[in-house]
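Please read them alongside the structure.

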Amino acid sequence: MAVIALAGCSGAPGVTTSALALLLSWPLEPGRRMILAECDPDGGAVLHGLLQGTLGDRYGLRNLSVAARKGEFGEAFWRQLIDLSSEDGKAESPRDRLLLPGITDPAQAASLSSVWKGLATMFCGIDADHGHDVLVDLGRRGATGPSGVLAEQADLVLVVVRNTLRCLQAAQGRVGELEERVGNVGLLVVDEGPYPAGEVQRVLQVPVVAALPFAPKEARVLSDGADQPRHFTKSALMKAARTTSTLLVQRAAARRARLGPPGTAARSKEVSYAR
């Protein structure tokens, strides 16, 4: 039972790649599903990365803008989801790992104000109504501005950073701004650099929740649709993603137990205090 938002900063820390690794390794009980929503106002990456343009741009957020104006948002949302859970050799897909593709042109973001609000409202009740968990990819600047409502309503907000000097320097302002806006921010560290978790926490003043290895070869499978190496699902990246997913489920569940689901009075009060 979780709505988890991932945000980034300048320097391409790997938000979308991390989100895809989590989506494909998320622990799902029978009957539950996981959705990755690409809500980066700078544009989504999966359609022309992992999926290599095979589906064109027929699906995604831009279609929800028109649906919102017509009062058809809820129905249109489910039609935009792409199945990423099919496995070679299986006749049927379980359809339990789904993608809502992002916009293909940053200029489209100007028309999405109602879409961000609609998604935030839908995600607040999606666990109780449909038995779904949600990962929200906010990209580099999606945690601020109109799409920031998705971060405010999430059970958990993580900033993805690499533990290099360049990335930590770039992340300082973004983490501080997000902590002030929503509170309860954590870090997901991509372990490329020399700085240990304790030093990263000291610099950014928020806790390191989990870490993923820096694994360029495996990451390119997710970011660019590269051929999968043998035993990809057992690679260090995907093993760490499974461990991270379990940690995030536990952390989000603990916060829900304390404050209730997104949209409740206690949750709203915590957000107002963070501001």
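1. Strand 2 (residues 33-38) and strand 4 (residues 97-100) run parallel and are joined by four bridges; strands and helices here are DSSP runs numbered from the N terminus, a strand being E over at least two residues and a helix H or I over at least four. Two strands are taken to pair if DSSP finds at least two bridges between them.

2. On provenance, this is a predicted model, in which local features need pLDDT of at least 70 and side-chain atom pairs count only at pLDDT 80 or more, while totals for chains, interfaces and linings use all residues. Residues are numbered from 1 along each chain as its sequence is written, and side-chain values use heavy atoms, with hydrogens and water left out.

3. The pLDDT, which is the predictor's confidence in each residue on a scale from 0 to 100, averages 89 over the protein, and 92% of the residues score at least 70. Confidence is lowest in helix 10 (residues 265-274), with a mean of 52, and highest in strand 8 (residues 208-213), at 97.

4. The sheet is open and consists of eight strands in the order 3-4-2-5-1-6-7-8, with mixed pairing. Strand 3 (82-83) and strand 8 stand at the edges with a single partner strand each, so one side of each is left without a neighbour in the sheet.

5. Strand 6 (156-162) is mostly covered, six of its seven residues being buried, where buried means under 20% relative accessible area, exposed over 50% and partly exposed in between (1.4 Å probe, protein chains only). Strand 6 runs parallel to strand 1, to which four bridges join it, and Ala5 has Val157 of strand 6 as its bridge partner. Strand 6 also runs parallel to strand 7, here through six bridges, with Leu158 opposite Gly186 in strand 7.

6. Helix 6 (residues 165-182) lies across strand 1, strand 6 and strand 7, and runs at about 170° to strand 6. Helix 1 lies across several strands, including strand 1, strand 2 and strand 8, and its angle to strand 2 is about 170°. Axes are lines fitted to C-alpha atoms, for helices over the stretch in contact, and angles run from 0 to 180 degrees between N-to-C directions.

7. The axes of helix 1 and helix 9 come within 8 Å and cross at roughly 80°, which makes the two helices roughly perpendicular (65 to 115 degrees; under 35 counts as roughly parallel, over 145 as roughly antiparallel and the rest as oblique). Contact, meaning heavy atoms within 4.5 Å, is made by Ala21, Leu22, Leu24 and Ser25 of helix 1 with residues of helix 9, among them Met238, Ala241 and Leu248.

8. In helix 8 (residues 216-224), Ala219, Val221 and Leu222 are buried. They cover an arc of only 145° around the axis, which puts them on the same side of helix 8; the arc is that of the directions from the helix axis to the C-beta atoms. Helix 1 (15-25) and helix 9 (236-259) are included in what covers these buried residues, and just after helix 8 Gly225 takes a positive phi of about 70°.

9. Leu237 has its place in helix 9 and counts as buried because its relative accessibility is 6%. Leaving aside neighbours within four places in sequence, Leu237 is in contact with Leu212, Pro213, Ala215, Glu218, Ala219 and Leu222.
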